[in-house]
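Reader: I have a model open and a few minutes. Can you walk me through it?
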Amino acid sequence: MERLQKVIAQAGLASRRKAEQLIVDGKVKVNGQVITELGVKVNTNRDKIEVNGVPIDKEEPVYFLLYKPTGVISSVQDEKGRKVVTDFLDIEQRVYPVGRLDYDTSGLILLTNDGELAHRLMHPKFKIDKVYIAKVKGIPSRENLRKLEKGVFLDDGKTAPAKVKFQSGNQQQGSSIVEITIHEGKNRQVRRMFEAIGHPVMKLKRERYGFLTVRGMNPGDVRELKPHEVKQLRELTVT
Ligand code: URA
């Protein structure tokens, strides 16, 4: 479910603020009923939304997987003019990233205009696996990796249990490669988790999201999801 004003804005009819004004002014109907309060949530797949008596044209939903390179913002625009994830697509539809990866993190990010599914995928209750490959400073001990598995205390609370696999260590370089699987999406979570055990991240890549991976792709590559993959994603978010 999404907020009515957001749906109107996403349909390209008005800015978010203007959409709110349209609602307050009684110009918006949901399933034939005028709605004047803000905050009403709608399901764009089921509810019929009209603005000034004209039904909102729902865009064909599209779903893309991008192997985000580093140095790219997980947003649709950047006030500093930096590259954003939607620069990698040349399509009519207005898609948005599902969640975010840091500017300096590479890897898998989904882009879609299906707000409903995006919203569900980001909800922590569905516990979607996000697998990261981290190059970290030093060689973490088993004990420290166990701490990551059990959960570490960050400024915004304790992290949920994670799966951690030590892949390799390089004594000479003073670095290691560690695979970590988390479900949550706290800001800069993986970086802060490794920081908490004294092994700061030098490089970070999201390799997998649920059953989807970037294996075989290169940074900057993008591909449309297959219908069976979209179906499978939906199945991940069934209660
Ligand atoms: N954790 C991080 O620290 N950064 C990301 O981009 C994703 C997860």
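Author: Let's start with surface. Accessible areas here come from the Shrake-Rupley method with a 1.4 Å probe. The model is predicted. The accessible surface of the protein is about 13300 Å².

Reader: What share of that surface belongs to carbon and sulfur atoms?
Author: Carbon and sulfur atoms make up 47% of the accessible surface.

Reader: How many residues are there, and what percentage counts as buried?
Author: The protein has 239 residues, and 45% of them count as buried.

Reader: Secondary structure next. How many helices and strands?
Author: Six helices and 17 strands.

Reader: What does the C-alpha trace span along its principal axes?
Author: About 70 × 40 × 35 Å.

Reader: And what part of the contacts links residues 24 or more positions apart?
Author: Take the contacts with a separation of 6 or more. Residues 24 or more positions apart account for 64% of those.

Reader: Charges. How many positive and how many negative side chains?
Author: There are 43 positive and 31 negative side chains. The centres of the two sets lie 5 Å apart.

Reader: On to the ligand. Which residues are around the ligand?
Author: Leu-101, Asp-102, Thr-105, Tyr-132, Arg-188, Gln-189, Val-190, Arg-191 and Leu-204.

Reader: Which ligand atom does Asp-102 face with a polar side-chain atom?
Author: A nitrogen atom of the ligand, 2.7 Å from that side-chain atom of Asp-102. Thr-105 also puts a polar side-chain atom by the ligand, 3.0 Å from an oxygen atom.

Reader: And Arg-191: what part of that residue lies 2.9 Å from an oxygen atom of the ligand?
Author: A backbone N or O atom of Arg-191.

Reader: How much of the ligand does the protein bury?
Author: Taken alone, the ligand exposes 240 Å², and the protein buries 96% of that.

Reader: Why does Arg-188 count as partly exposed?
Author: Because its relative accessibility is 36%, and partly exposed covers values between the buried limit of 20% and the exposed limit of 50%.

Reader: Which loop holds Asn-31?
Author: The loop between β2 (28-30) and β3 (33-34). Asn-31 is not a glycine, yet its phi is positive, about 50 degrees.

Reader: What is the relative accessible area of Asn-31?
Author: 48%, so Asn-31 is partly exposed.

Definitions and conventions:
Residues are numbered from 1 along each chain as its sequence is written. This is a predicted model: local features need pLDDT of at least 70, side-chain atom pairs count only at pLDDT 80 or more; totals for chains, interfaces and linings use all residues. Side-chain values use heavy atoms; hydrogens and water are left out. Helices (H or I, at least four residues) and strands (E, at least two) are DSSP runs, numbered from the N terminus. Buried means under 20% relative accessible area, exposed over 50%, partly exposed in between (1.4 Å probe, protein chains only). Contact means heavy atoms within 4.5 Å. Lys and Arg count as positive and Asp and Glu as negative; His and the chain ends are not counted. The place of a charge is taken as NZ of Lys, CZ of Arg, CG of Asp or CD of Glu. A residue is near a molecule or strand if one of its heavy atoms lies within 4 Å of it. A polar contact is a pair of N or O atoms within 3.5 Å; within protein, one must be able to donate a hydrogen and the other to accept it, and residues adjacent in sequence count only if both atoms are side-chain atoms.
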